[in-house]
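The model is shown below.

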Amino acid sequence: MSPLSSRTIRLLAGSAAAFGPSTAALAQDLAFSLDPIIVQSRDEFAEAADRATSMYVADAELERARTGDLKDVFAGIASVSVGGALPLTQKIFVNGVDMLNLGVSIDGAAQNNRAFHHVSANAIDPGLLKQVRVDATISPADAGPYALAGSVVFETVDAADILAEGQSFGGNLRLSYGDNGQTAQGALTLAGREGGFEWLAYGKRATGEDYEDGDGETRLGTAANLTSVLGKLAYEAPEGHRVELSALRLRDDELRQFRANFGGLNGVEDSLRRYDTTRESWSLSYENTQAGGLWDPSVRLGYSESDIVIPEPYDSNGLSGTWSATVQNDFHLNATDRISAGIDWQRRFGEYSSPTYGEFLEETSRNIGLFAQARLEPTERWRLSFGGRFDRQDFEGVDGSDERHSGGSGNLSASYALTESLTLRGGLSSIFGGVDIEDNYIFNPGWSYGDLRPSRAQNASLGFDWDGGALKLGGELFLTEIDRARSASENFDFESRGFNLGATYGWEGGFARFTLSHSDVKVDGEKAAGYEALDFGAPLGTVAAFELQQDTALAGLRLGGGLDLALDHDMPEAADFDLEGYSVVNVFAEYVPPQAQNLTLRLQVDNLFDTTFADRATYGAEYGTVTSLKEPGRTITLSAVTRF
């Protein structure tokens with residue numbers, strides 16, 4: 001297991017109660033267990049060898065991030081960096097690799113991984129999530145195509161997460177206010193079930209003003225104006241046949257900096273334009289929750305899109321999306337061994353249009369793949385996972401040119417329990433990537449597609465886990481190489497290598513944990529700055545996170561805090577500056593009144609000492625022409641959750 005995985009460091013805390021009374025009862029019994037059993041129980045392959053490097057975000061962590069953003073979701077996991085300061089611009093990097101190069105899904109629907117490079121391709125509202133899993137570096141064959149350096153799996157809340165056993169209707173109301181930017185948020189979740197039917201509706205609205213950074217300067221174009229909705233409908237027959245429809249939509253429509261993920265360019269910091277961005281994801285799935293033996297089929301259909309409209313000055317419209325379908329069967333060989341096999345299909349597209357100037361450009365790709373993944377426990381000490389897939393891709397460029405590529409992929413992961421306390425683990429993979437869709441805002445009809453070659457990724461990891469009871473330690477080395485990575489109409493070679501370390505110590509009523517990640521990125525064999533590695537990685541260097549939490553003598557009151565830090569990082573000659581280090585302290589107090597267990601009150605102070613900084617994963621700090629987008633200064637947030 002990873003030193004950054006839930007099994008090592010993600011703490012399941014009692015605030016998981018917000019999911020509903022039934023979950024709350026179990027969470028209370030496990031309030032300070034270092035193994036987030038509830039989280040792992042949702043992943044049927046949680047103990048498989050290919051999950052050894054996986055990171056799960058625990059229920060309590062998601063609960064605290066619901067009025068925050070993706071940075072809050074991954075707080076405390078140093079190997080997952082989130083830069084960009086705004087939900088619209090936040091980009092995720094796993095072991096130094098941009099998430100554009102990972103397989104991403106929401107409720108089983110493959111997500112579009114391309115958008116205007118000044119915004120995020122995968123913006124999502126933490127308030128609608130029930131589980132997040134990051135498979136770092138090594139992806140199994142059933143993760144789908146394009147999972148070059150891992151995968152990220154998001155699952156949204158179900159009615160069963162809201163309702164107690166026997167309850168037919170319920171929900172929760174969440175309100176919050178942050179003083180920096182005067183950001184107010186309100187979210188309502190309603191759920192119900194009758195017979196085999198269940199439904200869920202979720203809506204959130206966040207509004208505010210531009211926030212101030214640590215120097216007290218107002219960062220123009222940072223005001224909150226976000227609307228998020230989720231709807232779910234499912235039916236499960238007594239025999240276990242379950243059909244589920246899920247749909248979510250997120251819209252951010254506000255004035256932003258001319259380049260939304262910058263604080264400014266060439267000293268100009270007040271050039272604003274409207275960004276009207278919409279993210280949608282739809283999924284339809286079938287499974288049999290009671291199936292076993294050699295017949296356990298499942299079907300998943302999905303569609304996702306990013307629609308970015310910038311009316312001024314060029315009437316720019318960028319639409320990109322992914323249609324997907326997977327038909328799979330799990331062959332249960334015995335209680336622990338399983339083979340998953342099937343066929344999947346994806347159609348990706350990117351469109352750029354400017355009606356005022358009469359422009360319309362489009363790239364499309366179609367990929368069909370066959371896959372099989374075995375997850376075995378041949379002995380009490382050994383766990384193995386290995387598999388392969390074969391993909392065929394048809395790619396059509398903006399000039400109408402049509403190219404066909406095909407290739408095989410393979411992976412192998414293994415873990416060995418050397419002693420009862422010490423486990424060694426490692427993995428290897430070689431992944432066919434094809435030719436991916438490019439950022440639609442830079443489409444050029446003059447591109448020569450004959451010069452492009454399909455990419456291939458080589459990945460390796462080697463690590464250990466030590467379980468000493470209250471104290472747990474872990475570490476790993478990782479390497480990702482992407483040969484013939486695409487940049488417009490050219491290929492280059494990309495590499496990210498480094499290591500992760502993690503430690504957790506738990507005691508009755510509290511815990512402390514520390515994670516550290518170091519990564520270096522290279523382009524064509526040379527150390528790279530942010531521009532050279534754009535869309536593939538970021539020069540993160542060494543980042544770390546420390547967290548502490550403690551119950552108090554006052555029943556229902558919990559105190560905690562964290563420290564996020566980055567060390568100084570030397571940059572190559574292509575950059576103007578080396579990256580300066582920073583340290584940021586966050587604290588919180590959470591109270592559940594004993595006489596009102598359905599109410600949770602929380603006071604949180606982020607950036608306690610008003611540090612002026614841009615997150616290490618935010619673009620541009622190494623360039624003299626770029627003003628990087630600074631994070632908010634001290635922010636005091638009050639929130640309240642009531643469940644009914």
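Are Arg-375 and Asp-142 buried or exposed? Both Arg-375 and Asp-142 are buried, where buried means under 20% relative accessible area, exposed over 50% and partly exposed in between (1.4 Å probe, protein chains only). The model is predicted: local features need pLDDT of at least 70, side-chain atom pairs count only at pLDDT 80 or more, and totals for chains, interfaces and linings use all residues. Residues are numbered from 1 along each chain as its sequence is written, and side-chain values use heavy atoms, with hydrogens and water left out.

**Salt bridges**

The structure holds 52 salt bridges, a salt bridge being a side-chain nitrogen of Lys or Arg within 4 Å of a carboxyl oxygen of Asp or Glu.

| Pair | Closest N and O atoms |
|---|---|
| Arg-375 and Asp-142 | 3.0 Å |
| Glu-280 and Arg-249 | 3.0 Å |

Arg-375 and Asp-142 form a salt bridge. This pair links distant parts of the chain, 233 residues apart: Arg-375 is in strand β19 (residues 359-376), and Asp-142 is in the loop between β7 (129-136) and β8 (150-156). Helices (H or I, at least four residues) and strands (E, at least two) are DSSP runs, numbered from the N terminus.

Glu-280 is also paired, with Arg-249. Here strand β15 (residues 272-288) holds Glu-280 and strand β13 (residues 241-257) holds Arg-249, 31 residues apart. Glu-280 counts as buried because its relative accessibility is 17%, whereas Arg-249, at 36%, counts as partly exposed.

A network of salt bridges links Asp-107, Lys-130, Asp-158, Asp-161, Glu-198, Lys-232, Glu-236, Arg-242 and Glu-244.

**Backbone geometry**

Glu-312 and Pro-313 are joined by a cis peptide bond, with omega about 5°. Pro-313 is placed in the loop between β16 (297-310) and β17 (316-332).

Gln-182 is not a glycine, yet its phi is positive, about 45°. It lies in the loop between β9 (169-178) and β10 (183-194) and is partly exposed, at 47% relative accessibility. Arg-484, likewise a residue other than glycine, has a positive phi near 60°. Arg-484 is in strand β24 (residues 471-487) and is partly exposed, with a relative accessible area of 33%.
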